Each structure stands twice: as structure tokens, then as C-alpha cells.
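Dear colleague,

I am passing on the structure below for your files. My notes on it follow.

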Amino acid sequence: HGDNSNRTPYTHARTPKGTLVYAQASPNTKMCSHQSLLLLVSLTVASLSAPTTAVPLTWTEVAAINTPPEGRTNAGVAHHPGTNRLFVFGGRGANGAYLDDTWAFDLNTGSWEEFSTVTQPEARHSMIAGMSGNDFVISTGQGNGFFNDVWVFDTVGETWTKRTPTTSDAPAVRYGSGGGIFLGHNALMVSHGFSSKRFSDTWKYDLGSDTWTKVFGGTNEYDPDYPHARCLVGSGKQSLRLFCKHPVLDHLALVPPQLCVY
């Protein structure tokens, strides 16, 4: 359904050095009480095809030196490696309010900065977000309705611009999709999600030519080779990763779900 209040909300972004920046709030607590940032360091990328030995991880809370933004869940978040800043847009605030503010957190100094912009995306949560060069990009999400638009925040000029696709074909409006910036291709990926139904299709938006391309038509029938329709899925920077069942052993309770990688 469109209301994700019964799910545990979260927001995360990964830095090039493997540090995971993560924030989480319980649906049964006040969201405004969760304003801190946590860094998961010494993250090791393990093979998805074979068991590995657990690697000790360390959490470190990053203290802010000034007033942080309102606590929220399901914001659009992306890391700018050149400036080591974490950019945040929107999300769902206290009492479920949809937010449309834009912030940056400097991981070097611990300072928050809010950007006052004349134009910005409509308030929303559960959107796709990523960083392409100096551009903080968001798409899809849920607010007063569902979205399939593409917005770009110029982190140097500090302005939002709504991109206009040059093609008529586009993904259906949705929220809770997997996706992000396809590194090295200046493109935004959007896969799965929910609005009037759960989706299983995958789309690519070329930020250079402003064109949408459907790269996978999706399937809502059981197929061991493809992930089922769903929303609120995770995603990576180099590929989309969705949990799916093992094509042969999914009847065994001891076999964990596999990762489907696009």
C-alpha cells in the first residue's frame, strides 16, 4: 500500500571509501528525536556467491556543531565525494508531514547548511537519489500523490532544476523504488516501486540527453530468474540489487534469499 508507516524507515548513502552513512527511526517513536548521523566504517565488500568470514565493523556518531534539520525518515540522500558533504532532500517529518527542504552536512567539520531556493521539487519521501558529478539528482517518490519527475540540484550554484524529458515514454509514477546514479554513464536508474500497483520494470534516465529508456519490461508472474514486483527495496551504486528466491532451493527454509543483480 502507499502508506509505509508500519515499516521501519531508513535513509542511507555510501561514500567512495566504503563508509556507510545511515540513519534510522522506529515507526513507534517520534521521528524528530532521530537527527544524528552514524558512520559505519571499515566496510568490506564481500562476494555475493560464497560464504565469507564476518568482518568487525565500527559505528561512530558524527556530532553536529550547529542546529540540524528536523528529524525525518525516507529522505533523498547522496554523498558528494569531492567536498565530503552529505546532501539531503525532503522525507517525512513529525506527524507524517511531507518535507521539501534541502540540506548539506559537512562530514569534515560537522556543520549543517540549509539552502534557500526559489524553486524546489514538491515535498515527498521514499524517492530515488544520487550524486552525478556536482549534481544531486532525485526522482519518483510520494507526497500529495506519486511522482516520476527528475530534479537536479546544482551543488555549486545551489539551485534546483526540473529536467524535461525529450521522450514521451517514461516510467509510471511510483515511490519506494530501487535505483540511483549509474556511475560512469551519467544516468539515473529506477526499478520496481509502488503506486496503483507494485512494479517490476526497470528504467534508465540519461542525464545528458534527457531521455528515458525502458531496459527491462518487468514480470509480475513468478519467475526464478527475475525479482518479483515490490517496493521499498535497496540499491547500490554500480548495480541494482534486489532480494529474490533461489530458483531450485527456495522450498528449503535454511536457504537464504539470493540477491538479483542488474
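I start with a loop residue. R72 lies in the loop between strand 4 and strand 5. This arginine is buried, at a relative accessible area of 12%, which puts it under the 20% limit used for that label. Its C-alpha atom is separated by 8.3 Å from that of G90, a residue 18 places away along the chain.

A75 belongs to the loop between strand 4 (58-62) and strand 5 (76-80) as well. Is A75 buried or exposed? A75 is buried, because its relative accessible area is 13% and the limit is 20%. From the C-alpha atom of A75 to that of G93 the separation is 9.3 Å, and these two residues are 18 apart along the chain.

Please keep in mind that this is a predicted model. The average pLDDT of the chain is 76, and 63% of the residues score at least 70. Residues 1-10 have a pLDDT below 50; in the model this stretch has 33 contacts beyond near neighbours in sequence. The pLDDT is also below 50 over residues 40-50, where the model has 22 contacts beyond near neighbours in sequence.

Overall composition

The chain has 20 strands and zero helices. Of its 262 residues, 44% are buried. The accessible surface is about 13300 Å², and carbon and sulfur atoms account for 52% of that area. When contacts between residues at least 6 apart in sequence are taken, 47% of them join residues at least 24 apart.

Opposite R92 stands Y98 of strand 7.

Sheet 9-10-13-14

The order 9-10-13-14 describes another open sheet of four strands, again with antiparallel pairing. From one strand to the next, the twist averages 20°. Four bridges hold the antiparallel pair of strand 13 and strand 14. D154 has T159 in strand 14 as its bridge partner.

Nonpolar cores

The largest nonpolar core has 13 residues, and those touching the most other members are F87, F89, F136, I138, F153 and W160. Which strands each supply at least two residues of this core? They are strand 6 (85-92), strand 9 (128-132), strand 10 (135-139) and strand 13 (150-154).

With neighbours within four places in sequence left aside, W160 is in contact with F89, T102, T117, T119, Q120, P121, F136, I138, W151, V152 and F153. There is also a second, separate core; it has 11 residues, among them V137, V152, I181 and W203.

Strand 16 (residues 187-194) and strand 17 (residues 198-206) are antiparallel and joined by seven bridges. The two form a hairpin, with three residues between the strands. Within this pair, A187 stands opposite D206 of strand 17.

Strand 17 is also joined to strand 18 (residues 211-216), through five bridges and in the antiparallel sense. Y205 faces W212 of strand 18 across this pairing. How many residues lie between strand 17 and strand 18 in their hairpin? There are four, and D210 in the turn has a positive phi of about 55°.

Regards

Conventions:
Residues numbered from 1 in each chain as written. Predicted model: local features only at pLDDT ≥ 70, side-chain atom pairs only at ≥ 80, totals over all residues. Heavy atoms only, no water. Buried < 20%, exposed > 50% of the residue type's maximum accessible area, 1.4 Å probe, protein only. Contact = heavy atoms within 4.5 Å. Areas by Shrake-Rupley, 256 points an atom, 1.4 Å probe, with all protein chains shown as cover. pLDDT = per-residue confidence, 0-100. Core = buried A, V, L, I, M, F, W, Y, C linked by side-chain atoms within 4.5 Å. Pairing = 2+ DSSP bridges. Axes fitted to C-alpha atoms, helices over the stretch in contact; angles between N-to-C directions.
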